[in-house]
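Dear colleague,

Please find the structure below, with the sequence alongside. My notes on what was found in it follow.

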Amino acid sequence: MDGYLLKPVDEEELVRYLLQIKQSIEQEQEWVTMNRAASEWNRAQFLQAWLTEEIQTDAVSRQMAEGLKLCWEHYQVLLVHVQGEEIGSETGLSLKHQLITRFEENEQGVVFPIQGDLAILLPTPVLTSGSRNALRKQLADLVKKRGAGSFTAALGPSVHDLEGINLSYQTAKELMRERFFYPSGEMLSSESTRYLLDALNSGEALRSYDSAPIIEQLYYAVDIGNVEVLHKLIQQAVAAMLNEQYTESGMRNALAELLTSIHNKWTLRRTDPQTRAMDYSDRIAAVFRQRTLEDLHAHVAEFLGELSSCAACDSRDQGMKQIMDLIQRNYSENIKLETLASVFNYNSAYLGKMFKNSTGEYFNTYLDKVRINKAKDLLKQGMKVYQVAEKVGYTNVDYFHSKFKKYVGTSPSNFRKELEL
């Protein structure tokens, strides 16, 4: 008997007392149910339910944890993601078994799958870089032994109570979600540094990513074979995307667009039929198969390096020849002295003087003469004046008229009429 009521009975007091008895009975039933479940569950199932909030963090669940021998002084969640392998696959199940053998049989952790990853709850905190490296090496050996692909490991912070496990898990989960932005080959933790963050503070990083000028400069660097500038520009582009907080998807799409644009321009300028016929589509598509930003950065640099066919300029004369050759190949583009100066690592004013000393012409005059000579050839082929203007790089037909008359002494129309006489 839990209590009594004196007559005459107050109705409200009776209802209140009955509700208390009902609540007490329900709580006892819950205890019985949870205790029965505890005997049926294993530790992996309990941790899955705990972290996915299928059970509440109350006295009953803590009693279950005690019954499952999960009351430790420390807790730390380690997540393991194997590239291209499902947890339920043969390789995934084999790796899970190996992890259980390695950790559970030695009482060094509890292994359980959760939301597509394998998780290990560690009772001994892993706090130093040395211990993290040693643990990652052990995981790498196990993954390699089971024939699985590359993997990523993420470690949450060490906590001191069951309630804190969720914090450790959520931290590891966030690191895992952002694994693309971290360097390859390390165990991710709160001490990990994102890839290329140093480049953002180098003074050379662009404040924002603007594809047009970057593509233009990179194409010229590829065209003249300036590998040093090529790598510098790629790093600036990647750093600019990081500075603007591009998502993984956004960065992949932007770099695929960059490679496609440069490759198309490069192919159009080739005269060798075999070179023009080479299919690089798979190399560009491989942008979407790179595991990390570090891998993607290396892939972009390698691909553009392969397109580069000229040796780096070692002297001023070689540099001038390369610039003039570049103009001959790209006269229809919006070539600017400032762009070439950045590609060749020169101050634009200094490059202008060098160009004048080497060619006897100012840069813009030389470019105009190349364009007009090409225009004369096209007019001889019977092309219309407006078509020729666009073909040689003049977007304004009137401006083309004035330039043509300046260097040839007559208008494009008269020049073509004279050819027909």
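Helices (H or I, at least four residues) and strands (E, at least two) are DSSP runs, numbered from the N terminus, and two strands pair if DSSP finds at least two bridges between them. This is a predicted model, in which local features need pLDDT of at least 70 and side-chain atom pairs count only at pLDDT 80 or more, while totals for chains, interfaces and linings use all residues. Residues are numbered from 1 along each chain as its sequence is written, and side-chain values use heavy atoms, with hydrogens and water left out.

In E4, Val 82 has Phe 151 as its bridge partner, and five bridges join E1 to E4 in an antiparallel arrangement. Five bridges also join E1 to strand E3 (residues 117–122), again antiparallel, with Gln 76 standing opposite Leu 122 in E3. Seven of the seven residues of strand E1 (residues 76–82) are buried, so E1 is largely enclosed by the rest of the structure; buried means under 20% relative accessible area (1.4 Å probe, protein chains only).

As for pockets, a pocket is an open set of points on a 1 Å grid over the protein atoms alone, where a 1.4 Å probe fits, with protein on both sides within 12 Å along at least five of seven lines, and its lining residues have an atom within 4 Å of a point. Of its 20 lining residues, the closest to the centre are Gln 83, Thr 152, Arg 179, Phe 180 and Arg 291. The second largest pocket holds about 160 Å³, and H17 gives the largest share of its lining, four residues.

Best regards

Note on methods
Points joined across faces, edges and corners; volume = space filled by probe spheres on them. Buried < 20%, exposed > 50% of the residue type's maximum accessible area, 1.4 Å probe, protein only.
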